[in-house]
Amino acid sequence: METKRFQKNDGGFICAHCGRDVPPLKTTSRDHCPYCLWSIHIDINPGDRACGCLGQLEPMTAYPDSKKGYVIVYRCQKCGEVRKCRAALKGNEPDDLNLIIELTSEQFPYQGHK
Ligand SMILES: [Zn+2]
Ligand SMILES: [Zn+2]
């Protein structure tokens, strides 16, 4: 099924995982859901929409980054690719920080994993 329920543009999108209406972040283009943190495999580089996979990106773990706040590590449920994404902690409807902190305790061998 290749239904494009995850419509992404500067005006926000409907989360493909939890189904919530995600408002635009305003500061930068948002690439994941602030409520469940799931994302979609749509970009090769952030914002380019160049990836045709469209699998759901499951948040596996997260770690603090001195420059970026938190980085969330995702794995695509469809193709298995591991991606990293900066958490959005500022702006309109920021990410759920409690969820991110919970993720930091998850062990996921993202290093060395293809
Ligand atoms: Zn969601
Ligand atoms: Zn994928």
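A: A donor is an N, O or S atom within 2.8 Å of the metal. The model is predicted.

Q: What makes H41, C53, C76 and C79 the residues that coordinate the zinc ion (ligand 2)?
A: The atoms are H41 ND1, C53 SG, C76 SG and C79 SG, at 1.9 to 2.4 Å. The cut-off is 2.8 Å, so these atoms count as donors. In sequence the donor residues are spaced H-x11-C-x22-C-x2-C.

Q: Why is the site of the zinc ion (ligand 2) called tetrahedral?
A: The angles among its four donor atoms are 104 to 121°.

Q: Where do C53 and C79 lie in the chain?
A: C53 is in the loop between β3 (39-40) and β4 (56-65), and C79 is in the loop between β5 (69-76) and β6. They are 26 residues apart, and the pair links distant parts of the chain.

Q: Is C53 buried or exposed?
A: Its relative accessibility is 13%. Buried means under 20%, so C53 is buried.

Q: Why is C79 called partly exposed?
A: C79 has 45% relative accessibility. That value lies between 20% and 50%, so C79 is partly exposed.

Q: Why does H41 count as buried?
A: H41 has 2% relative accessibility, under the 20% limit, so H41 is buried. H41 lies in the loop between β3 and β4. Its contacts include C51, L54, L57, E81 and R83.

How values were computed:
Residues are numbered from 1 along each chain as its sequence is written. Chains are lettered from A and ligands numbered from 1 in the order in which they are written. This is a predicted model: local features need pLDDT of at least 70, side-chain atom pairs count only at pLDDT 80 or more; totals for chains, interfaces and linings use all residues. Side-chain values use heavy atoms; hydrogens and water are left out. Donors are N, O and S atoms within 2.8 Å of the metal (3.2 Å for Na, K and Ca); water is not among the atoms, so sites may look incomplete. Four donors count as tetrahedral if all angles lie between 85 and 135 degrees; four count as square planar and six as octahedral if opposite donors are over 155 degrees apart and all others between 65 and 115; anything else is irregular. Helices (H or I, at least four residues) and strands (E, at least two) are DSSP runs, numbered from the N terminus. Buried means under 20% relative accessible area, exposed over 50%, partly exposed in between (1.4 Å probe, protein chains only). Contact means heavy atoms within 4.5 Å. Lists of a residue's contacts leave out its neighbours within four places in sequence.
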